[in-house]
Every structure is written in C-alpha cells, then in structure tokens.
Amino acid sequence: MLFLIIKRILLGFITLFIVSLITFVGTEILPGDACTTYLERQAFGEQLEACYRRLGLNVPAYERYVSWAVNAIQGDFGYSLSGEMPIKEVLGPRIKNSLVLASAAIFIGIPIALILGIVTALWRDKLPDVAISTVTIFAMTIPEFISATLLILIIAIWLEWLPGIVIVPTDVSFLELLPNIVLPVIAIAMIMTAHMARMVRSSVIQVMASEYVQMAILKGVPYWKMVFKHVLPNALLPAINVVALTIAWLLGGVVVTEVVFNYPGLGRLVIESISNRDLPTVQALAIILASIYVSINLLADLMTLMLNPRLKTLQIRK
Amino acid sequence: MTVNSIYKEEKKSAFQKVSEVIITMASRPSGFIGLSILIFHIILAFISPYIAPYDFKAINPTLMLQAPSAEYWFGTDDLGRDVFTRTILGGRTALTITFFGSLIALLWGGLLGIFCGLVGGKIDDIVMRIVDAFLSIPWILAMLLIVSLLGTSTEVLIPALGFFYGKGIVRVARAATHDVIAKDFIVSARARGHSNFSIIWNEIIPNVRDAILVEGAMRWSWMLLGFSSLSFLGFGVSPPTPDWGLMISNARGLMSFAYWAVIAPIVGLSSLIIGINLTADAFAKALGIDRSTKAPV
C-alpha cells in the first residue's frame with residue numbers, strides 16, 4: 001500500500017521532469033531567442049552580447065536547463081521579458097484569480113452534477129432523463145468561447161443584469177471581483193457539470209444493474225435506502241478519477257474563457273506571454289499547469305486507493 | 001452444403017458491414033439527427049463555393065452592419081461583407097483540416113499504442129511516460145507554441161493537431177491491445193512463429209479497430225473544438241479566409257448592436273460539433289463500445 005503510493009508519487013515527478021525537458025527544448029528551438037525579441041532591430045553587436053550575458057544565454061543549453069530547473073524547483077522562474085519583473089510576482093495574483101474562478105466553478109459544479117447524474121440515472125429513459133441529457137449534450141459539446149459569448153450577449157447585453165467584460169486590475173480584492181466572476185464561473189461550470197453529470201449517470205446505471213443491488217431489491221430493502229446505501233457509495237468511487245481528468249482538461253478551456261471575459265488569470269497570461277514571445281514566462285506556465293494536472297490526477301488516484309478496499313491488495317494498473 | 005459454403009455465407013463484404021453499421025446508427029433518434037447534421041455540413045462544404053451569393057472577401061463600406069434583409073439574409077459584418085456567404089463557407093477550412101488531422105492522429109496514435117501494448121517492457125514504459133508528459137501539458141499551450149513557432153498554414157496545422165490529439169489514442173489503443181493480447185489466437189499465432197508485424201496486422205488490428213475508430217471519431221469533434229478555439233484566439237486560419245471561430249471573434253465586439261454577425265457562425269459551428277458528437281456516440285453504440293465513462297482526455 002505505502003509502496004504503491006510512493007511509486008505513484010515518483011511517477012508524477014518523472015512526468016514533470018519530462019514536461020520540463022519538453023518545454024525547454026520546445027522553447028529553445030523557436031526561431032530567435034529572448035534577446036532578439038527584446039532588442040528587436042538593435043539585436044546585433046555589443047548590445048546583443050550584453051543582453052546574452054545579462055540573461056545568461058551565453059552558456060550551453062544543457063547548463064542553462066540545469067540552472068533553470070534548480071531555480072524552478074525553488075519557485076524562482078527568472079525574469080519575464082516584457083514587464084522586466086520577476087515571473088514569481090507576475091504569476092502570484094494570476095494564480096490567485098484563476099484559483100478563485102476554478103474553485104467557484106468546482107464548488108457549484110460538483111453538487112449540481114451529482115444531483116443531475118443521479119436523477120437521470122434513476123429515471124433512466126423517462127422524461128427527466130431525456131430532458132436533462134439533451135441539455136448536457138449541448139452544454140458539453142459547444143465550445144467555451146461560444147457559450148461564453150452567448151452568456152455575454154443574453155445576460156450582459158440584452159438583459160443588462162451583470163457586467164459582460166471584467167475590467168479590474170490584476171491584484172483586485174476578492175469582494176470587488178465577485179460580481180465580475182459570475183458569468184465566467186457559469187461558463188466554466190456549465191461544461192464541467194455536463195461532463196460529470198453524464199459520468200455519474202452511467203456509473204449509477206452500471207451499479208444499479210449489478211447483482212448485489214438486485215439482491216438488495218429481492219431482500220426487500222426500501223428503494224431510497226438501497227439507493228443511498230448500496231448504489232451511491234459504489235457508483236461515485238470510479239467517478240473520482242474522471243472528475244479529476246475533467247477538471248484538469250478544463251485548464252485548456254479556462255484559457256479561452258478568460259480571454260472572452262478579459263479575466264486577469266493564468267489563461268490570459270498564456271496568450272499574452274505567447275503573443276509577446278515571453279519565453280521564460282511560457283516555460284514557467286507550462287511547468288505550473290502541468291504540475292496542477294499531475295497533482296490533481298495523483299490526488300484522484302490516491303483517493304481511489306484509500307477509499308477502495310479491493311485495490312489495497314492489488315497492483316494498480318498504470 | 002459444404003463447410004466452405006457456410007463460411008462464405010457468413011462472410012460479409014466491407015460495403016455490407018459499413019452499411020449495416022450506418023443503418024444501426026440511424027435507427028436511434030440521436031444518431032439519425034447527428035448523421036443528418038453531419039451529412040448536411042459535408043454536402044454544404046462541397047457545394048458552398050458554387051451557391052454562395054456574394055464574394056466572401058468583397059469589402060463594401062456603404063453596407064456596414066446591415067440588419068438581415070431579403071438581399072443579405074444574415075445581414076452584413078463590420079466590413080460590409082455578406083454574413084450568409086461567409087457562414088456557409090466558414091466550415092470548409094475547419095472540416096478539412098480537422099478531418100485530415102484526425103486521420104493522422106488515428107494512424108500514429110493507433111499504431112504506437114498497439115506496438116507498445118504488444119511489446120511491453122522497457123520500451124512501453126518509456127513511451128508511456130513521454131505520452132503522459134505530453135498529456136499533462138494543456139493542449140492549448142502546446143498548440144499556441146507550435147503555431148507561433150511555425151505559422152498558421154495548413155501544412156503546419158494538420159500535423160500539429162494530428163500529433164497533439166493522437167497522444168490520447170495511444171492510451172486507448174494500448175488498453176485495447178492489452179485486452180486481446182492474452183487471447184488464444186494471439187498465443188497460437190506466436191506459437192506458429194509469426195513475426196510481431198504479422199501479429200499486429202492479422203490478429204490485433206482487426207480486433208482493436210472498432211475501439212480506435214470510435215476514439216478517432218470523438219477526437220474529430222474535440223479537434224474541431226480546439227481548432228476553432230485557436231481561430232477564435234487569432235492563432236488559427238488567417239483572415240480574410242471565412243472561418244467560424246474567426247468570424248465570432250471579429251463580430252463579438254460589435255454584438256451589442258449587430259448580433260446577427262455573431263449568431264450565424266455560432267449556429268454553424270455549434271451544429272457541426274453537436275452533429276459529429278452525436279454521430280460518434282451512435283457509432284460507438286452501433287459497434288457496441290461504451291464510452292460514457294470516458295473523460296475528455
């Protein structure tokens with residue numbers, strides 16, 4: 001058991017190491033480098049040399065990788081090019097803002113998804129199921145930027161209930177942020193909820209068809225007691241992994257949503273830093289987003305492991 | 001009746017099999033709707049250059065932001081271009097690029113997954129670690145990097161999308177291969193001394209083909225979503241090519257008084273993605289594969 005957990009954590013670190021290699025090589029082979037982008041037309045002679053020395057680009061690539069990685073582990077990602085400020089300081093408020101957005105979406109999304117999933121499963125192929133399932137298919141297939149644009153058009157422009165575009169400084173306080181995040185949170189929560197509700201539905205249906213549930217019915221266990229005691233605990237366990245993957249997958253969708261709402265989070269920073277060719281920031285973002293993905297998955301795996309007695313004795317399949 | 005003739009009766013031609021699958025798909029309401037939408041879009045993509053009433057790049061300053069009328073069915077955009085013309089042409093690029101992209105994803109993802117599942121051991125471990133690493137980088141970051149590195153031409157977008165959406169197929173193909181690898185017919189093929197290549201081609205591919213095809217169909221709709229997001233962010237096709245993602249991002253700023261210019265491409269793109277999704281779902285059900293418990297990796 002302990003061995004499995006340690007092995008799983010080690011695998012996560014190996015994945016992150018490969019990610020760091022990929023992003024380093026990926027940004028390394030971009031034509032031009034930080035200095036030619038920064039100096040633009042003055043990129044020659046003494047100035048270029050000075051810039052290389054200042055950013056430490058005059059040493060071989062593998063040495064730069066090692067020093068970059070050592071610093072990154074300590075949370076120091078170097079300096080961003082455009083703002084000339086430490087990336088740590090650029091990232092801090094952005095991470096906070098994105099976390100606010102993501103956690104609000106998760107806290108709203110998960111309970112709704114559970115209720116919708118259970119309702120659709122218990123009333124399978126009846127009216128509630130057909131209606132809710134149709135809506136979830138729409139919600140999860142339509143691209144984020146379309147649902148976000150429609151939300152702005154209908155709620156902000158036509159009904160004038162809420163502001164459509166977030167116009168706040170990056171380091172805004174939480175209370176000021178609140179009315180601004182309602183629409184982005186709805187846009188993100190919609191897709192996530194739809195995915196999870198579908199997952200919960202099929203999981204509950206599977207358990208309902210199993211032998212021990214049939215047995216419980218034959219024994220005369222009351223319906224709702226059967227649902228809460230026999231079905232749900234077993235149905236929700238496999239859902240944890242998929243929920244984790246869905247959340248991690250949303251990292252990509254959050255980028256688009258943040259751009260649509262002009263929200264000052266990590267996602268907009270991705271676009272800004274790539275447009276500005278701010279490679280140190282791109283590297284930092286890749287590592288941070290990958291770490292979030294890896295840790296969410298790790299957490300889900302460990303939770304499944306802890307909660308499932310059957311898995312305690314078995315090897316987890318990779 | 002000889003044994004041989006019974007065997008021949010059971011063997012159906014490829015055409016018969018395909019048409020049977022399509023009929024099963026269309027027998028469900030959701031599958032029928034999905035197929036109809038998809039076929040409509042494919043036909044539209046082929047004939048739209050011939051039926052488009054105006055030139056998609058003809059800019060006319062006197063006709064800026066006209067409301068829908070008999071002359072301009074969906075109105076005009078901020079440059080006075082006909083929105084109807086641009087909407088019916090807007091799916092061509094996206095459909096073509098994502099179709100070939102998913103073919104590439106299917107090929108490399110499927111073959112690598114089968115290979116890893118078959119050989120196992122060290123090679124499998126190393127490849128899967130690298131695939132995991134690529135999976136943990138958000139697709140949008142990776143795609144944006146590639147596009148800003150190599151440009152937004154079709155020759156870049158197709159392989160780049162194909163590569164990035166294929167890594168999930170590696171896992172599916174590998175898992176499907178693991179399911180058949182312990183079966184008797186593989187063991188006996190090994191005992192007969194067949195090479196790995198022969199085992200993959202004759203024994204494994206026919207058995208994992210369905211699972212991989214379904215995965216590929218699903219990838220197609222995700223890739224379409226990803227590609228239009230790229231266009232929307234300004235990293236996809238370049239103007240003045242009519243493209244739904246690009247049209248939405250252009251018309252978005254003016255939608256408080258010219259909502260038609262944003263609604264038309266929204267309807268176009270949403271219906272195509274929903275169509276492909278429903279079709280892929282029906283396809284999975286017709287082949288007897290349950291995908292409802294899969295996460296969008």
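At what angle do helix H3 and helix H12 of chain B pack, and how far apart are their axes? The angle is about 130°, and the axes are 7 Å apart. Axes are lines fitted to C-alpha atoms, for helices over the stretch in contact, and angles run from 0 to 180 degrees between N-to-C directions. Helices are DSSP runs (H or I, at least four residues), numbered from the N terminus.

A word on the source. This is a predicted model: local features need pLDDT of at least 70, side-chain atom pairs count only at pLDDT 80 or more, and totals for chains, interfaces and linings use all residues. Residues are numbered from 1 along each chain as its sequence is written, and chains are lettered from A and ligands numbered from 1 in the order in which they are written.

Back to the pair. H3(B) covers residues 29–51 and H12(B) residues 260–286. The contact (C-beta atoms, placed from the backbone, within 7 Å) includes B:Gly31, B:Gly34 and B:His41 of H3(B), and B:Gly275, B:Asn277 and B:Asp281 of H12(B).

Next, helix H9 of chain B, residues 184–191. B:Gly193 follows H9(B), and its phi is positive, near 90°.

Last, the chains. 42 residues of chain A are in contact with 39 residues of chain B. On the chain A side, H10(A) gives the most, with nine residues. Other contributors of two or more residues include H1 (2–28) and H8 (174–208) of chain A.

Definitions and conventions
Two residues are in contact if their C-beta atoms, placed from the backbone, lie within 7 Å. A residue is buried if 20 or more other C-beta atoms lie within 10 Å of its own, exposed if 12 or fewer, and partly exposed in between; C-beta atoms are placed from the backbone.
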